[in-house]
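Me: I would like to learn how to read a few features of a model, one at a time. Could you take me through them?

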Amino acid sequence: MLRQTYERDLGRLQDDLLALGGMVEEAITVSVASLKGRDMQASEQVIAQDRVINRKRFSIETDVLVLIATQQPMASDLRVLAAILAISSELERIGDYAKGIARINLMIGAEPLVKPLVDIPRMAEKARDMLHRALLAFAERDTDLARTIPEEDDEVDDLYNQVYRELITHILTNPRTLDQANYLMWAAHNLERAADRVTNICERVVFTVTGELTEMDHHPDTGLMDRAGADSG
Amino acid sequence: MAKIVVESLDFYYGDKKVLAGISLRIDERRITALIGPSGCGKSTFLRCLNRMNDTISDTRLTGRVLLDGQDIYTPGTDVVGLRQKVGMVFQRPNPFPQSIFNNVAFGPRVLGLSRDQDLNEIVKESLRGAGLWDEVKGSLAQDALSLSLGQQQRLCVARVIAVKPDVILMDEPASALDPVATLRIEDLMRELVQDYTIVIVTHNMQQAARVSDQTAVFMLDESQVGVMVEYGLTRQIFTNPQDRRTEGYITGRFG
């Protein structure tokens, strides 16, 4: 085999990306568990860990640029590197969503929750599971898997709409819950966005293998917040 | 529009077949790069395009090579006229041991082009076209060999364009040059392609990626005969090649 050093560097970069993915999965899980369990210390840890995630993303980005500059990757190698850049950026943003949920827990503070959290943890678990499999699809270059995951985004969107409606009902029946209900809506929104970004990752998996850049966002305006003109991407 | 059309070209050195079944269309005013491992026949193919291989004894070609729709291998073809229309720049700069002026004026003189146009004008335009005029305008009487290698190569380009060709064939034109002179030649190619059709053989894949519009990938097949495995837009070949052998070659895992 020619170019052993290059092969090794390319392999290591992919491992780094998967490690970053693992950190982000953990951040989602812990952020929502700490919100549900009202664990402030765990939320602080998620916020601190986000800085580690950001640094890891920068180091991956630097390594990709160095590899491009020094090894002139071509064809599928070039696509892998472009995908690593794009996916690392998606992961970093998903990490930010988890950090946002941790912040929400701190902002709600000592106040008891207006309702026990059921659907938000479900959303988190679904989003985390989709992310996990999207990264698996990247590692395995499995386009079939990458193509099916975005369809599951509907489940997250449905849960989101349900959480949204419930919280609106709380606000209407008890306006004093407005602030907390609003925070929780944001937490749910973050998870809904996280799942959308998993779709972007799946697009990069298909691009890596086939060279085709196609949009997989099959229901672009399902989310309530999307209709309200919230951030896209 | 296709300037050159090659149809089912086979080429032999004696009994040995070195190219098989090459068919491609070379677009007018585009740069077409021929890449592939050493010994896969890309330079041989390049020389088929202006019958340079005729100068090697015991060679044989089947198939057709059409320049502007005319088969250049038809008996009775004016080979000198053909090589004026399809000029060539070689791997090592090969200026004549004469003045800069005479190097460029050589072709127009032989072909009698200076009857229609002032020779001084032709030399000036050609040197300008080759991006060399500003560097040599005060020293046209100097020996061409006093120029740097990079300048000598651009002088060879000037010598080719002085006879007003349609097509310029380049056989690894930068392989003897340093990186800066190489980039100058590449820039020059992008200038020249506005007026000429260029076909370049290069071992430097990055060079092919940088300068060419189309890329043809040559390889040896199982019986050690040169074949073209893929041909397409350069941007496609270097980002998403369709042939496994191309992928292997340009990622450096094979060849």
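Me: Is Arg38(A) buried, exposed or partly exposed, and why?

Reply: A residue is buried if 20 or more other C-beta atoms lie within 10 Å of its own, exposed if 12 or fewer, and partly exposed in between, with C-beta atoms placed from the backbone. Arg38(A) counts as partly exposed because it has 15 C-beta neighbours inside 10 Å. Bear in mind that this is a predicted model, in which local features need pLDDT of at least 70 and side-chain atom pairs count only at pLDDT 80 or more, while totals for chains, interfaces and linings use all residues. Residues are numbered from 1 along each chain as its sequence is written, and chains are lettered from A and ligands numbered from 1 in the order in which they are written.

Me: Where does Arg38(A) lie?

Reply: Helices (H or I, at least four residues) and strands (E, at least two) are DSSP runs, numbered from the N terminus. Arg38(A) lies in the loop between α1 and α2 (40-71) of chain A, and its phi is near 55°, a positive value in a residue other than glycine.

Me: What is the phi of Arg29(B), and where is its place?

Reply: Arg29(B), which is not a glycine, has a positive phi of about 50°, and it is found in the loop between β2 (16-27) and β3 (31-35) of chain B. With 15 other C-beta atoms within 10 Å, Arg29(B) is partly exposed.

Me: How do the axes of α1(A) and α4(A) cross?

Reply: Axes are lines fitted to C-alpha atoms, for helices over the stretch in contact, and angles run from 0 to 180 degrees between N-to-C directions. The axes of α1 (residues 4-37) and α4 (residues 119-140) of chain A come within 10 Å and cross at roughly 175°. The two helices are therefore roughly antiparallel, a term for angles over 145 degrees.

Me: Which residues of α1(A) and α4(A) meet?

Reply: Two residues are in contact if their C-beta atoms, placed from the backbone, lie within 7 Å. Among those in α1(A) are Leu18(A), Val24(A) and Ile28(A), and α4(A) contributes residues including Ile120(A), Leu131(A) and Leu135(A).

Me: How many bridges join β9(B) to β10(B)?

Reply: Two strands pair if DSSP finds at least two bridges between them. Here 7 bridges join β9 (residues 214-220) to β10 (residues 226-233) of chain B, and the strands run antiparallel. Thr215(B) stands opposite Gly232(B) in β10(B), and in the hairpin, with 5 residues between the strands, Gln224(B) takes a positive phi near 60°.

Conventions:
Angles under 35 degrees count as roughly parallel, over 145 as roughly antiparallel, 65 to 115 as roughly perpendicular and the rest as oblique.
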